[in-house]
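This briefing goes with the sequence and structure shown below. Please look over both before reading the points that follow.

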Amino acid sequence: MEDFAEDEKVDLDTIYRDANVEEILERLDRELIGLVPVKTRIREVAALLVVDRLRKSLDLATSTPSMHMSFTGNPGTGKTTVALRMAEILHRLEYVRSGHLVSVTRDDLVGQYIGHTAPKTKEVLKKAMGGVLFIDEAYYLYKPENERDYGAEAIEILLQAMENQRDDLVVILAGYKDRMDQFFSSNPGMNSRIAHHIDFPDYGDEELLAIAKLMLASMNYRFSEEAAETFRRYIELRRLQPYFANARSIRNALDRARLRQANRIFDRRGEGLTRKDLITIEAEDLLASRIFSVRSE
Amino acid sequence: MMTNYGNRLTQGQFSYLPDLTDDQIKAQLRWAISHGWAVSVEYTDDPHPRNTYWDMFGLPMFDLKDPAGMMMEIDECRKTFPNHYVRVMAFSSERGVESPTMSFIVNRPANEPGFKLTRIEGPGRTQSYSITAYAIDSPEGERY
Ligand SMILES: Nc1ncnc2c1ncn2[C@@H]1O[C@H](COP(=O)(O)OP(=O)(O)O)[C@@H](O)[C@H]1O
Ligand SMILES: [Mg+2]
């Protein structure tokens, strides 16, 4: 440290530009609707890593910042999608050596009998090394009602890896907010190793409509003007139904609309067909949904 | 082999060098991964050079992206067999190659007594030679 004058100019921009982080962050902004608090947190994490790299390049000793995270939110709020992006960002900033993401649930980690769990968990860890391990619905690892549950063994091994192999692996736990909070309060060891808690809010109606349009555009479809209005109503109604899963419900609804559109077009064989017909989802493709009939029952 | 300093077994790559450090092993593994070779870990306590088939420790690692994961397997093997020879192999499945491309020792017994050379006199003053590891007389698992 003595080799450097304190007022020497240091070049933050070069590291930032070289890592192409801006490009990913912009893509994140463009391809993911809403999620403002999440995007802000990701920018903060990226800034921390850039500055950390710069400090390292000046021999300013720091212990590597911990990057284990928890993503909490309802289904379909973008947790898995953001985790994939996170892996890419961590890779570009050289926090992990390879940018792959290994996504698992309890069944991949916990065994059925004594001696089965440790090898399973270690197998998963081996695959995730150098990248990101994403554990969906992590609270299922901990079953307090059964004290001989093997999940505790998996947690123990994960904790060890999270502590001792921070340079090799980033762990992201995901799930419903309330159940994750409960999980963390009964597993303080886990809680203390998670550096970033990021909460994914539910989407508003306008956001879901924007997501729908984005999804359609990426598949080379679009709503007719009337269909867009119909879908707005669809969202309002769908939200009130059971198993509403934010953006995932939207994706499923669009898949069904595509099916109906294809059938509508197919039934009209013989009539002239244009490119416009092929890319347009009409109101009738949506109105056939069960959602619109529920109310009249 | 018989005249090596300390009777160190010399088989595979790097065996005339001091033992590789873990970081050096990881660098070799990175090389194997970058070529898409499957890495496996094997162990034995029968170091005769004609003993080509050592015991496999776990399955070959086809789908690991990073040396740290392979290092876990190597460490596990060292822990299970601290007094065996352990080697790391890389295998190329590329058409036309389909054979091992790397092999190097990553663990050896603390004490290596080496090999005994036996000279066998044949008819007409011909001589044939044979080598036997001094350790081989004990049963498997009790040799080092
Ligand atoms: N903000 C968003 N903008 C665009 N698409 C989104 C957004 N959030 C989620 N999606 C899409 O919704 C689907 C479900 O998201 P996912 O990440 O699997 O949610 P979760 O893991 O929280 O259940 C995916 O197809 C994803 O691409
Ligand atoms: Mg998910």
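What share of the contacts in chain A with a separation of 6 or more comes from residues 24 or more positions apart? Such residues account for 75% of those contacts. The model is a predicted one.

**The chain as a whole**

- Chain A contains 15 helices and 7 strands.
- The C-alpha trace of chain A spans about 80 × 55 × 30 Å along its principal axes.
- Chain A has 297 residues, and 45% of them are buried.
- The accessible surface of chain A is about 16,000 Å², and carbon and sulfur atoms make up 49% of that surface.

**Around ligand 1**

- There are 18 residues around ligand 1, and those that come nearest are A:Thr80, A:Thr81, A:Tyr203, A:Arg248 and A:Arg251.
- Three helices of chain A, α4 (79-92), α10 (205-218) and α12 (246-267), each supply at least two residues of the shell around ligand 1.
- In the side chain of A:Arg248, an N or O atom is 2.5 Å from an oxygen atom of ligand 1.
- The backbone also takes part: a polar backbone atom of A:Gly76 is 2.8 Å from an oxygen atom of ligand 1.
- For A:Thr77, a backbone N or O atom lies 3.3 Å from an oxygen atom of ligand 1.
- Ligand 1 taken alone exposes 560 Å², and the protein buries 87% of that area.

- Is A:Arg264 buried or exposed? A:Arg264 has a relative accessible area of 13%, and it counts as buried because this value is under the 20% cut-off.
- Apart from its neighbours within four places in sequence, A:Arg264 is in contact with A:Thr280, A:Glu282, A:Glu284 and A:Asp285.
- A:Leu259 has a relative accessible area of 56%, so A:Leu259 counts as exposed, the cut-off for that being over 50%.
- How far apart in space are A:Leu259 and A:Leu60, C-alpha to C-alpha? The distance between them is 59 Å, and in sequence they are 199 residues apart.

Note on methods. Residues are numbered from 1 along each chain as its sequence is written. Chains are lettered from A and ligands numbered from 1 in the order in which they are written. This is a predicted model: local features need pLDDT of at least 70, side-chain atom pairs count only at pLDDT 80 or more; totals for chains, interfaces and linings use all residues. Side-chain values use heavy atoms; hydrogens and water are left out. Helices (H or I, at least four residues) and strands (E, at least two) are DSSP runs, numbered from the N terminus. Buried means under 20% relative accessible area, exposed over 50%, partly exposed in between (1.4 Å probe, protein chains only). Contact means heavy atoms within 4.5 Å. Accessible areas come from the Shrake-Rupley method with a 1.4 Å probe; for residues, only the protein chains shown count as cover. A residue is near a molecule or strand if one of its heavy atoms lies within 4 Å of it. A polar contact is a pair of N or O atoms within 3.5 Å; within protein, one must be able to donate a hydrogen and the other to accept it, and residues adjacent in sequence count only if both atoms are side-chain atoms.
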